[in-house]
Amino acid sequence: MKQSIKRVVIAGGGTAGWMAAASLSKLLGKNLDITLVESDAIGTVGVGEATIPTILTLHKLLKLNEQEMMAATSATFKLGISFENWRAQGQDYIHSFGTTGQDCWAAGFQHFWLKGQALGFSKDYGDYCPELVAAKQNRFAVTPKQGLNYAYHLDATAYAVYLRKIAEEFGVKRVEGKIAQVQLHADNGFIRALELDSGQVIEGDLFIDCTGFRALLIEQALHVGYEDWSHWLPCDSALAVQTESVSEPIPYTRSIAHQAGWQWRIPLQHRVGNGLVYCSRYLNDEAAKTLLLENIEGNTISEPRLIRFRPGQRRQHWHKNCVALGLASGFVEPLESTSIHMIQRSIIRLMQNFPLTAIHQSDIDEFNQQTDFELQNIRDFIILHYHVTERTDSPFWRFCKNMDIPDSLKHRIQLFKETGRVFKVPNELFGENSWVQVMMGQGLTPNQYHPIVDMMSDEELQQFLSQIEQRAKQMVGQLPNHQEFVQHYCGIVSSGVK
Ligand code: FAD
């Protein structure tokens, strides 16, 4: 069969650009001629250092050596996110990557836990989840059998460099230069070529827009439009700064709520990534900078950098012969670290729907519909964190608590409140356990538990809960300290951390 889509041009060399280049070249490369254009002068967004477990799937597809990748990106392990001061000041919970307890066919574990709590013998909900117990005890190991679910904290710049090496090994051509113009075919409005400042023209059949918030191709050239979600997700600014490590890296991200947003702490092997995400309506940039610098540990090793964003998504992620990935395709917000995951999902989706002989509108529609569906569910999950709160101590939190929310989320909250039930929508990212951890962590308590729990006597229930808790404790008790494991695993003699 004659192949007409052969020349793939990737615009942009951040995490999105190099993830796409590495994946397409490794998995479909023999049939394609791939060129990536990036501008050192413009650089990358420079944040995006926390991942979620799905990244392991991509790494498996790429056959990456985990130890080598971690050493190259100064990575540490991540077992979840600690949400501090979100429900109320002084109250914390961890959204972990693990499974809490044991579900039965009719009812999730939370129902058993709720009855145990009413009878006074349930421990903290997190005590039934090995990942969460390990996070709290700062323990970790990669074990082949019955291992922990995990992801990484990694240096975003080093990660892009690492992926670039793979992509170039598989034949991707890199062109350094600034895209000055996007040329369109006069007859159908498809992209014909990218014209660089230097005058060089790069022609292609399929273009992948990874130019970050600029969205040079999908928006500036093709004008697909943007669906704005800022009425549900009021944070629109971030200040990012890196600091020296002053203590061992912990195996989870910290997300600390403040008066008008929240702060992240992402521990790498040699430094910590910090940032304040805030709503510019309630906090000005100067005050945000002071707040961030007052709440970091260790000397800064970079200047605080301001990043503006608009939560939302492109109205179309794939339009004509252009597919947008990463920030060019939209951005929900950094909470829950879902952006790199969405890049990976879109790359896999593109490969599944790859237009070999011609671009069909049905492929485009399928791609856009699936991407939109996934993003909407992620959006709802993130809004949940802001909206379900007991905080009323600042105008920002009062706004979040009282704002209108999507009907889809209203239904989930109502269902959980009235019945304790949660259902994962097929193909959505976050599973029942994530929804339950965050709903309960934010202070939602169901009015009842499922009657199937009453099939157990109180003694049986107590024993059931106790066995699960003991199993988690025992498993974690055998694990080494997180930093020691990272050093051993990556072959680090000394990380320089005291
Ligand atoms: P960029 O990194 O901005 O790359 C754009 C590329 O396009 C660059 O190479 C640039 O040089 C090139 N380019 C632009 N214009 C031109 C031009 N005219 N000519 C040539 N080249 C050009 N995601 C997570 O998964 N986890 C997180 O913890 C997380 N935290 C975040 C925190 C903040 C504050 C923000 C804003 C985002 C965060 N994200 C996170 C999202 C994550 O940073 C991005 O999804 C990821 O870095 C991919 O970015 P990108 O490659 O789309 O864009």
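This section describes the surroundings of the ligand and of several residues in a predicted model. Residues are numbered from 1 along each chain as its sequence is written, and side-chain values use heavy atoms, with hydrogens and water left out. Because the model is predicted, local features need pLDDT of at least 70 and side-chain atom pairs count only at pLDDT 80 or more, whereas totals for chains, interfaces and linings use all residues.

The ligand is surrounded by 34 residues, a residue being near a molecule or strand if one of its heavy atoms lies within 4 Å of it. The closest are Gly 13, Ala 50, Ile 179, Ser 339 and Ile 340. By residue class, the shell divides into 16 nonpolar, 14 polar and four charged residues; here Ala, Val, Leu, Ile, Met, Phe, Trp, Tyr, Cys and Pro count as nonpolar, Asp, Glu, Lys and Arg as charged, and the others, Gly among them, as polar. Polar backbone atoms of the protein also face oxygen atoms of the ligand: the separation is 3.3 Å for Thr 15, 3.0 Å for Ala 16 and 3.0 Å for Gly 43. Taken alone, the ligand exposes 1,000 Å², of which the protein buries 97%. Accessible areas come from the Shrake-Rupley method with a 1.4 Å probe, and for residues only the protein chains shown count as cover.

Helices (H or I, at least four residues) and strands (E, at least two) are DSSP runs numbered from the N terminus. The largest share of the shell comes from α9, with three residues. This helix has 14 residues and reaches 20 Å from its first C-alpha to its last, close to the 20 Å expected at 1.5 Å a residue; the expected span is 1.5 Å times one less than the number of residues. Eleven of the 14 residues of α9 are buried, where buried means under 20% relative accessible area, exposed over 50%, and partly exposed in between (1.4 Å probe, protein chains only). Among the buried residues of α9 are Ile 340, His 341, Gln 344 and Arg 349. The cover over its buried residues includes α1, α2 (55-61), β11 (206-209), β19 (318-319), β20 (322-324) and α10 (361-387).

Ser 74 lies in the loop between α3 (66-72) and β3 (76-78) and is buried, with a relative accessible area of 16%. Leaving aside neighbours within four places in sequence, Ser 74 is in contact (heavy atoms within 4.5 Å) with His 153, Leu 268, Gln 269 and His 270. The side chains of Ser 74 and His 270 are joined by a polar contact of 3.4 Å. A polar contact is a pair of N or O atoms within 3.5 Å; within protein, one must be able to donate a hydrogen and the other to accept it, and residues adjacent in sequence count only if both atoms are side-chain atoms. Ser 74 and Ala 158, 84 residues apart in sequence, are 8.2 Å apart in space, C-alpha to C-alpha.

Gln 269, a contact of Ser 74, is found in the loop between β15 (261-267) and β16 (271-278). Gln 269 counts as buried because its relative accessibility is 9%. A polar atom of its side chain lies 2.7 Å from the backbone oxygen of Ala 75. Gln 269 is also in contact with Cys 490, whose other contacts, leaving aside neighbours within four places in sequence, are Gln 67, Met 70 and Ala 71. Cys 490 is found in helix α15 (residues 482-490) and is buried at 13% relative accessibility. Cys 490 and Glu 460 are 30 residues apart in sequence and 45 Å apart in space, C-alpha to C-alpha.

Arg 412 lies in helix α12 (residues 407-419) and counts as buried, at 10% relative accessibility. Its side chain makes a polar contact of 2.9 Å with the side chain of Glu 428. Not counting residues up to four places away in sequence, Arg 412 touches Asn 377, Phe 423, Val 425, Glu 428, Trp 435 and Met 439.

Most residues other than glycine have a negative phi. Asn 138 has a positive phi, near 60 degrees, and Asn 427 has a positive phi near 70 degrees. Asn 138 is placed in the loop between α5 (130-137) and β6 (151-153) and is buried at 16% relative accessibility. Asn 427 lies in the loop between α12 and α13 (432-441) and is exposed, with a relative accessible area of 64%.
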